[in-house]
Amino acid sequence: MSGDIAKDSGKGYESQKRRDLNNFGQYLKNQRPPVAISQCNCNHVLDFLRYIDQFGKTKVHLHGCAFFGQPDPPAPCTCPLRQAWGSLDALIGRLRAAYEEHGGSQENNPFGNGAIRVFLREVKECQAKARGILYKKKKKKIQIKPNVKDEANSSSKQQPVLLSSN
């Protein structure tokens with residue numbers, strides 16, 4: 001049964017990817033002059049992300065709002081609804097994959113451009129500040145296992161050492 005669920009979710013992802021690519025293609029066709037997907041660049045992608053932002057459902061408090069920086073505001077406000085960072089990130093992932101599956105090269109993929117990553121990072125940080133949530137990079141902890149020979153020769157048990165890497 002779990003295999004069926006995986007198949008269904010895979011179908012859902014594929015249909016969402018197709019729908020996203022069609023929506024982006026329609027956006028490009030509505031540009032003046034119209035742009036083919038094969039001719040688009042990261043600026044078209046950034047413009048598309050800004051365009052779809054107006055259809056979001058996530059409240060993002062503005063700097064002048066009394067609730068700016070509060071994770072759970074006690075009352076409604078007039079701040080705009082925006083696309084959530086996670087939704088934009090997932091959308092770019094699907095569009096990036098769809099672009100390559102439809103013959104686009106990985107090197108020229110406008111959805112993988114560094115400017116897109118910078119834009120998404122800025123959206124994430126802005127939304128985090130507006131909600132009073134700090135996004136800090138977690139330090140990776142690397143566990144070093146003791147050498148088997150050393151453990152056999154040692155009379156006491158050695159604890160693994162945790163190192164942090166940046």
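A residue counts as buried when its relative accessible area is under 20%. F111 has 2% relative accessibility, so F111 is buried. Keep that cut-off in mind for the walk through this predicted model.

Start with the whole chain. The protein chain has 5 helices and 4 strands. Along the sequence they follow the pattern α-α-β-β-α-α-β-α-β. The chain has 166 residues, and 27% of them count as buried. Now take the contacts between residues at least 6 apart in sequence. Of these, 56% join residues at least 24 apart.

Next come the rings. A pair of aromatic rings is described by the distance of the centres and the angle of the planes. This structure holds 6 aromatic pairs. One of them brings together Y99 and F111. Their ring centres are 6.0 Å apart. Their planes stand at 70 degrees, and an angle over 60 counts as edge-to-face, so this pair is edge-to-face. Y99 belongs to helix α3, while F111 belongs to the loop between α3 and α4, so the pair ties together parts 12 residues apart in sequence. Y99 is buried too, because its relative accessible area is 9%, under the 20% cut-off.

The pair is part of a wider group. Ring pairs link F24, Y27, F48, Y51, F55, Y99 and F111 into a cluster. Another ring, that of W85, has a charge over it: the charged end of K124 sits 4.7 Å from the ring centre.

Now move to N109. This residue is found in the loop between α3 (85-101) and α4 (114-131). Is N109 buried or exposed? Its relative accessibility is 4%, so N109 counts as buried. Which residues does N109 contact, leaving aside its neighbours within four places in sequence? They are R96, Y99 and E100. With E100 there is a polar contact: the two side chains are joined at 3.0 Å. Y99, another of these contacts, is the residue whose ring pairs with F111.

Finish with the largest pocket. About 290 Å³ of space lies within it. The lining of the largest pocket is made of 15 residues. N23, F48, Y51, I52 and F55 lie nearest the centre of the pocket. Which element gives the largest share? That is α1, with 5 residues.

Notes:
Residues numbered from 1 in each chain as written. Predicted model: local features only at pLDDT ≥ 70, side-chain atom pairs only at ≥ 80, totals over all residues. Heavy atoms only, no water. Helix = DSSP H or I, 4+ residues; strand = E, 2+ residues; numbered from the N terminus. Buried < 20%, exposed > 50% of the residue type's maximum accessible area, 1.4 Å probe, protein only. Polar contact = N/O pair within 3.5 Å; in protein donor to acceptor, adjacent residues only side chain to side chain. Contact = heavy atoms within 4.5 Å. Phe/Tyr/Trp six-rings, centres within 6.5 Å; stacked < 30°, edge-to-face > 60°. Lys NZ or Arg CZ within 6 Å of the ring centre and 35° of its normal. 1 Å grid on protein atoms, 1.4 Å probe; cavity = no way out; pocket = protein on both sides within 12 Å on 5 of 7 lines; lining within 4 Å. Points joined across faces, edges and corners; volume = space filled by probe spheres on them.
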